Structures are given as structure tokens and as C-alpha cells.
Amino acid sequence: LSRLLDSKPIIRILEAHNALSGLVVENTKIFIENKPYEFDGMWSSSLTDSTVRGKPDIEAVDVSSRLSTINDIFEVTTKPLIYDADTGGRPEHFVFTIRNLERLGVSAVIIEDKIGLKKNSLLGNSVPQFQDSIENFCKKINIGKKARVTSDFMIIARIESLILDKGIDDAIERAEAYIAHGADAIMIHSRSSTPDEVFSFSKKYNTISNRKPLVSVPTSYNKTTEDMLVDNGFNIVIHANHMLRSAYPSMCEVAVSILEHGRSYESNDNCMPIKEILNLIPGTN
Ligand code: SPV
Ligand code: MG
């Protein structure tokens, strides 16, 4: 991942929640005017890895289970993976998460500067959620950095100031502090439907000394194109939940249709033909 960052204008990451969705990220490739386009890597999302287990995105899925998903994905794919570690947990526990992730071959971890019972960021202030102090979070970054074995493994600090309506100045102050304490990159999150606030942030961020790569997760402001992100200084874009969100509606439609018709025939168009699913994975026959 760190090598890719030096060689491309923006790194394009797509969520994977199991081996099959990992294979979609791995193998999807298109050509536009003879130019190839594909994803550079995968995002292990806390939201989707919790949702596939029927659990809320509140750090209820333990790290061992999360790592088991990644193990499944890595058995059949080759691209870099960025791991969503939520808050990173207690600093004393974060150390072991780092060691495990590195050993598995994960390229980077993102930890968010929240404390207490973590809730999904896109819920914003409609639920109680709290930001960690700058001092505490800097300590966590620093402890994580010391636990790393290889310098390639990136620790990315995620700033929740815009999610919690704390403003751009607070976000910039945090970015500077997190970088000073060892963050290898910064993720600025937003739940706004336009990119205005993240672009105001990046305008200031791009001028700070010792600037590190900048990560965007444009779930709520998804009219924004990758080209616009590049123009505003972003280095990594994470499409954070789209493999799971696109699969689920089709499953629900098929379940309803089978009940309605007492047979599965009407669902044929929603389903991959048996022959194709048998041929989907090399080595099936
Ligand atoms: C995730 O994908 O789990 C994330 C991004 O952390 S968000 O859901 O927007 O908080
Ligand atoms: Mg998450």
C-alpha cells in the first residue's frame, strides 16, 4: 500500500466482507478508451463485518472473528487490505491487534478518535457518541507505532470532528497532533451530503508541514467523483460498504418472491444460473 501511494494519484479501495466479495474486488476490471480501471485494495469495514453477523456496529464483534474474515479473504485474494479497527480499543489491547494484523499481511489499520461505546459515525449526534481527547488518542497512536514490526505497516488516524459537529479548526488541530505522534496518514470523516466540509478541511490540511496522505470515505457525499477528490488533495478513497448494501436488497426480493409464488421460478432474473455459480470459483469441478 505504501508503495502504491507513491505511484498513483489516488488509491481506490472497495469494501469486502467475505472471501467472495473479496474476489469481486480482486477481479473486477474494466477498460475505458483502452485504459484499465480496477480496485487497488480492500476495506474490512466494521459496519459490514458486524452486519453480516447480524450485530450492531458497536465493537461487539471481537477481533478474533474480524481476523478470521480477513484470513478467509486472504486465502483467495492478493490485493492490499485496510482494516477498520474502530477505536482500536484499549491501548494495551491495540498492541496485540497491530501484531496480529501485521502477521496476517494487512497493509494498514485505521483507528477513530472516539471513546466509550462506539456508534457508527453516520448516525452523527443523533446518538450519544464521544470524541477522545487529543492527548489520549496521540498516546494510542504512539503505542501502536511502537508495536509495529515493519515500517511498511501504516497506522492511519481517523478524525471524527466533523461527524460530531466540532468544526474544521478542531479537525486540523487534531490532524497536526496525530501526525506529530506518528500517524502515517489521516482520514477525515463526514456525514454531509456534499463534499464542502471535507474540501474546506483538505484546503487547510494540504498546507500543514509534514502533511501525510489523506483518506476520504465518500458514503454520504457520493456524488463526488474520484477526480474531484484528487483535485482536492485526497490520496486514498474508500468505498466503504457497497458490496454488502448491494447484495442485501436482492436477497430480500428473492425471499419475498418465493413466499408470494410458492416457487423460485419468478426469482430467476435475480439469481445467478446454477451453471455459472458452479463455474464461478476455479477448482469447483
Ligand atoms: C465502516 O465502514 O465501518 C466505517 C465507515 O467505519 S462508516 O460506516 O461511515 O463509519
Ligand atoms: Mg467502522
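1. Helix 10 gives the largest share of the lining of the largest pocket, seven residues. This is a predicted model. Helix 10 spans 242–261, and helix 2 (19–27) and helix 11 also each supply at least two residues of that lining.

2. The volume of the largest pocket is about 540 Å³. Its lining counts 21 residues. Nearest the centre lie Leu-20, Val-24, Ala-247, Met-272 and Leu-280. By class, 14 of the lining residues are nonpolar and seven are polar.

3. Now the surface. Leu-20, Met-272, Ile-274, Ile-277, Leu-278, Leu-280 and Ile-281 make a nonpolar patch of about 620 Å². Helix 11, residues 274–280, gives the most to the patch, with four residues. Leu-20, Met-272 and Leu-280 belong to the patch, and they are also among the residues nearest the centre of the largest pocket.

4. Take Leu-278, a patch residue that lies in helix 11.

5. Strand 3 (35–38) supplies the largest share of its lining, four residues. Helix 9 (226–231) supplies at least two. Among the other lining residues are Lys-8, Pro-9, Ile-10 and Arg-12.

6. What classes of residue line the second largest pocket? Six are charged, five are nonpolar and none is polar. The charged residues include Lys-35, Glu-38, Glu-226 and Asp-227.

Technical notes: Residues are numbered from 1 along each chain as its sequence is written. Chains are lettered from A and ligands numbered from 1 in the order in which they are written. This is a predicted model: local features need pLDDT of at least 70, side-chain atom pairs count only at pLDDT 80 or more; totals for chains, interfaces and linings use all residues. Side-chain values use heavy atoms; hydrogens and water are left out. Patches are made of residues with over 30% relative accessible area and no salt bridge: like charges are joined within 9 Å, nonpolar side chains (Val, Leu, Ile, Met, Phe, Trp, Tyr) within 5 Å. Accessible areas come from the Shrake-Rupley method with a 1.4 Å probe; for residues, only the protein chains shown count as cover. A salt bridge is a side-chain nitrogen of Lys or Arg within 4 Å of a carboxyl oxygen of Asp or Glu. On a 1 Å grid over the protein atoms alone, a cavity is a set of points where a 1.4 Å probe fits but cannot get out, and a pocket is an open set with protein on both sides within 12 Å along at least five of seven lines; lining residues have an atom within 4 Å of a point. Grid points are joined across faces, edges and corners, and a volume is the space filled by probe spheres set on the points.
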